[in-house]
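Dear colleague,

Here is the structure I said I would pass on.

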Amino acid sequence: MAVYTDVTEPDLSAFLGLYDLGRLLSYKGIAEGVENSNFLLRCDAGTFILTLYEKRVARGDLPFFVGLMEHLSARGLSCPLPVANGAGETLGELAGRPAAIFTFLEGMWTRRPSADQCREVGAAMARMHRDAADFPIPRPNALSVAAWRPLFEACDGRADEVRPGLGETIQAELDHLEANWPTDLPAGVIHADLFPDNVFFLGGELSGLIDFYFACNDFLAYDLAIALCAWCFEPDGSFNATKGAKMLGGYAGVRPLTPAEIEALPLLARGAAMRFCLTRLYDWLNTPDGSFVTKKDPVEYLRKLLFHQRVRSVAEYGVPAERLTS
Ligand SMILES: Nc1ncnc2c1ncn2[C@@H]1O[C@H](COP(=O)(O)OP(=O)(O)O)[C@@H](O)[C@H]1O
Ligand SMILES: N[C@@H](CCOP(=O)(O)O)C(=O)O
């Protein structure tokens, strides 16, 4: 579930009074999501999403997230557009939380992505990178390589409760990643969580991207590495090279990769697998039993990490390097 904060009808009606959306017709909490409380709103003016920002989202970051969605929408990328109230403000306060209203995006996310959908996601990501290139607010990645060891240490030596030997594998991998992480790749604004549940499809076509709440400045190819992890493995844990080829080809068709990015991709993918293994591990160990939040399996990302550790070149993701450059 993701409704951590209750909203009463009088409070919501008063909040909506600041907007030009007509009367509140109905509202209900949305079960999906992890970070924030989301509600589906119906008003005279149509259907909208109300988001209440919860504790894990820093207030100081909200102008970056909301501003980025405005910026990308203005460039024609399909993503939620923050709705301004009568005073021209897109961020307000409701039920003691920062709150914003967004346009509703039609479509559904896919649980079993096809190879063609992987290609569409790769291309959409590249367009997002291009469209965000002149977004003026910076936000360093709070979950990049420097954050991984502290996150692991915050797990208090309990990794082996999840799987015997996991702690040792993570230690060794952190040593490798810290010693070898690139310092000089093309960088810009990345989504940083472009998983299947954050991409909507409608009638077979990609209809939009949502959930920009991990977006930040980092290496562009790291975003692609995250998506490779999230989209191109099958439920049995095997890597699907057809999907990998489509994803990388879709991206490079819009924004060709540099030779340095291509060489770094297996390492970036190891980092991506480590990042999601660690955040899931932390949540796994720290989410109380009986909580409404669905815990995500850290071992899924351990397996992906072990796969990427064996990859020697991008060709093993399904596509020869020369097809990814201009
Ligand atoms: N603009 C939108 N249009 C349609 N549905 C949305 C929109 N924003 C969020 N949702 C719905 O709310 C769910 C949770 O949103 P998300 O941003 O992923 O939350 P969280 O940041 O808490 O993970 C999504 O899976 C989707 O069903
Ligand atoms: N994609 C992350 C968790 C973040 O969840 P989201 O609902 O905000 O996309 C993971 O799978 O670990």
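In this predicted model, helix α6 (residues 166-180) and helix α10 (residues 298-310) have axes that come within 12 Å and cross at roughly 45°. Axes here are lines fitted to C-alpha atoms, for helices over the stretch in contact, with angles from 0 to 180 degrees between N-to-C directions; helices are DSSP runs of H or I with at least four residues, numbered from the N terminus. The two are therefore oblique, since angles under 35 degrees count as roughly parallel, over 145 as roughly antiparallel, 65 to 115 as roughly perpendicular and the rest as oblique. The crossing of α6 and α10 is left-handed, meaning that the near helix is turned anticlockwise from the far one by less than a right angle; clockwise would be right-handed.

Leu166, Thr169 and Glu173 of α6 make the contact with Leu302, Leu305, Leu306 and Gln309 of α10 (contact: heavy atoms within 4.5 Å). These residues divide into four nonpolar, two polar and one charged. Ala, Val, Leu, Ile, Met, Phe, Trp, Tyr, Cys and Pro count as nonpolar, Asp, Glu, Lys and Arg as charged, and the others, including Gly, as polar.

Helix α3 (residues 115-131) packs against helix α7 (residues 220-231) at about 160°, with the axes 11 Å apart. That makes the pair roughly antiparallel. Their crossing is right-handed. On the α3 side are Cys118, Val121, Met125, Met128 and His129, which meet Leu220, Asp223, Leu224, Ala227 and Trp231 of α7. This contact has eight nonpolar residues, one polar and one charged.

Now the ligands. Around ligand 1 there are 17 residues, of which Glu35, Asn36, Thr103, Leu105 and Asp211 come nearest (a residue counts if one of its heavy atoms lies within 4 Å). Backbone N or O atoms of Glu35 and of Asn36 each lie 2.9 Å from an oxygen atom of ligand 1. A polar side-chain atom of Glu32 is 3.4 Å from an oxygen atom of that ligand.

The residues around ligand 2 include Gly33, Val34, Phe276, Arg280 and Lys296. Asp193 has a side-chain N or O atom 2.7 Å from a nitrogen atom of ligand 2. For Asp211 the distance from such a side-chain atom to an oxygen atom of ligand 2 is 2.8 Å, and for Asp197 it is 3.4 Å.

Residues are numbered from 1 along each chain as its sequence is written, while chains are lettered from A and ligands numbered from 1 in the order written. Local features need pLDDT of at least 70 and side-chain atom pairs pLDDT 80 or more, while totals for chains, interfaces and linings use all residues; side-chain values use heavy atoms, without hydrogens and water.

Regards

Methods:
A polar contact is a pair of N or O atoms within 3.5 Å; within protein, one must be able to donate a hydrogen and the other to accept it, and residues adjacent in sequence count only if both atoms are side-chain atoms.
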